[in-house]
Amino acid sequence: MGTITLEKVTKSFGDVQVIPPLDLEINDGEFVVFVGPSGCGKSTLLRLIAGLEDVTSGEIRIDGRNATEVPPARRGLAMVFQSYALYPHMSVRKNIAFPLRMAKMDKAEQDRRVENAARVLNLSNYLDRRPGQLSGGQRQRVAIGRAIVREPAAFLFDEPLSNLDAALRVGMRMEISELHSQLETTMIYVTHDQVEAMTMADKIVVLQAGNIEQVGSPLELYHRPRNTFVAGFIGSPKMNLMSGAEADKYDATTVGVRPEHIDVTPDGPWQGRVGVAEHLGSDTFIHVHETGLAETLTVRQTGDISVRHGDMIRLTPRQDEMHRFGADGLRLE
Amino acid sequence: MATAHSRAAARIMIAPATVLLLGWMLIPLCMTLYYSFQRYRLLTPDNRGWVGFRNYERFLTNPAFQDALINTLLLVLGVLVITVVLGVLLAILLDQPMFGQGIVRILVIAPFFVMPTVSALVWKNMFMNPVNGLFAYAFEAVGLQPYDFLSQAPLASIIGIVAWQWLPFATLILLTAIQSLNSEQMEAAEMDGAGPIQRFIYITLPHLGRAITVVILIQTIFLLSIFAEILVTTNGGPGTASTNLTYLVYAESLLSFDVGEGSAGGVVAIILANIVAIFLMRMIGKNLDA
Ligand SMILES: Nc1ncnc2c1ncn2[C@@H]1O[C@H](COP(=O)(O)OP(=O)(O)OP(=O)(O)O)[C@@H](O)[C@H]1O
Ligand SMILES: [Mg+2]
């Protein structure tokens, strides 16, 4: 079991309200990702759920029971920290067994669970090393191991992959997804990495300044962003947002179109001068200036297109992929 | 900085300081060794000559020697235990956010700035004096007989005074160590179900291991040679109840005017200090490895 409900939860540090009243429902077994710009309150929200910070007002329910006043250890949640927070003077085995030892579980059961976790996480050969003798990815796995042996109701991850290099990050991303489908336990995952959010989540929660801007599946957010913030935040490279004359044509205050939904054509309605063209091999991102629509338009094309700095090109947006937003920034249907 | 040229330059640069330091330490050491094998009493200064190990024999068979040895070790051990235990507790206390933290920290550190002679005199006359001392007043206020600390429990009193002086040092070093503890580690332990006492035992104490080692090593060096506090409070007495090795050497060489036996005592003290150092490094030195 692992349903978590937040009801009108707020958090203030002194006079500064970091989380304004916030409601959120997390279902059992879901993989929920919190994304948002730096400083928007993702970690704070996670720490409120963990119980490491007290809520200023509101209620947190775990499995239907009010957990607002319950100390962290008794909430049945396990957390993986950004810095891993391994105990440096204990061996990997002792690190992983620590929560079990605190729970006074009997030794045989402890060993069984530790061996189990080590096998799942490919740590069996490292059990007698200290954390200082492990690589970043291995430390990360130890931290996850320490979380899974407790068999918690939900896992909380705070940017667990941000200290790893790109290749390792891809690997660990898949391992965590794999782990989720094996364990079928609720996971809440904080990141500001788009790709992590899109690939791992069942449900993405987009935050800005402590407010929930939108909750939905990755594709829902991609295809139907609720407002201009989500439209600009989800998707890489960012959606092109335009206001003024072009928006008026669509009877909206702002219109947006994603780079992948603009084609380079000989007779398109828009034209502009090529600035930087980023050739990634599989794709080319062309930054187009002097279009009269926005400062820069980003266009995504296949890798083999040949455009050069300073070329004039014409562009055609796909009409059925235009997003319209009203004066209040909300999506117009 | 590791070319042959830069290494040679570095050696030349530090040579004067090294020579000066060597002279500073080696000459007195050699003189002490020399006198320890000589008959040299200040009352009969002309009657000098080589006496072999006779000075050592006399110093080691002196009934005061065994007392002094035990007192020295008790003094070191007692002060270490008090300063480390109280130091850890104080450091944890001072690490908590509280009102007037800066001032409290300065107050805690203050005793370290008081000279040993002065603080021992203050303790002797203002606190422990059986007639005028604050403790005497306190005892009388609750209807008890005033206790003459320095004559009833001289060694314990001196341990108390010295511990009071060294507590700030221990606290300071342990405080900086506590401040370097990663707070996420504490939070992780909290989520893992460790209560405050378990967090202290499993997280804080191991983290403090290296700092405690440093405190023990440095303090031991200084505590082996405590002298001023004994001189101004008890003069090593009553009898030899508060005489340590340093004080015994002083008593032999300057009170009995026997430079030879005093020098032999000095050499014995050096050997003892080295034995203690070897034991310490064996026991806790591994904490210093990263
Ligand atoms: N202990 C604290 N005291 C005061 N303000 C705090 C405290 N912790 C966080 N804040 C503030 O709360 C806001 C949210 O911080 P939080 O750490 O939750 O951001 P975040 O979304 O996790 O950012 P990042 O992606 O950079 O980790 C920030 O503006 C921060 O300055
Ligand atoms: Mg954060």
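A salt bridge here means a side-chain nitrogen of Lys or Arg within 4 Å of a carboxyl oxygen of Asp or Glu. Before you click: this is a predicted model, where local features need pLDDT of at least 70, side-chain atom pairs count only at pLDDT 80 or more, and totals for chains, interfaces and linings use all residues. Residues are numbered from 1 along each chain as its sequence is written, chains are lettered from A and ligands numbered from 1 in the order in which they are written, and side-chain values use heavy atoms, leaving out hydrogens and water.

Start by selecting Glu246(A) and Lys249(A), whose side chains form a salt bridge at 3.1 Å, N to O. Both sit in helix H9 (residues 245-249) of chain A, three residues apart, so about one helical turn separates them. (Helices are DSSP runs of H or I, at least four residues; strands are runs of E, at least two; both are numbered from the N terminus.)

Next, pick Arg273(A) and Glu290(A), a salt bridge at 3.3 Å, N to O. Arg273(A) is in strand E14 (residues 270-279), while Glu290(A) is in the loop between strands E15 (283-289) and E16 (297-302), so the pair ties together parts of chain A 17 residues apart in sequence.

Now hop to chain B: Arg41(B) and Asp258(B) form a salt bridge, with their closest N and O atoms 3.5 Å apart.

Last stop: select Lys11(A), Arg47(A), Glu53(A) and Glu187(B), which are linked in a salt-bridge network. Over all chains, the whole structure has 25 salt bridges.
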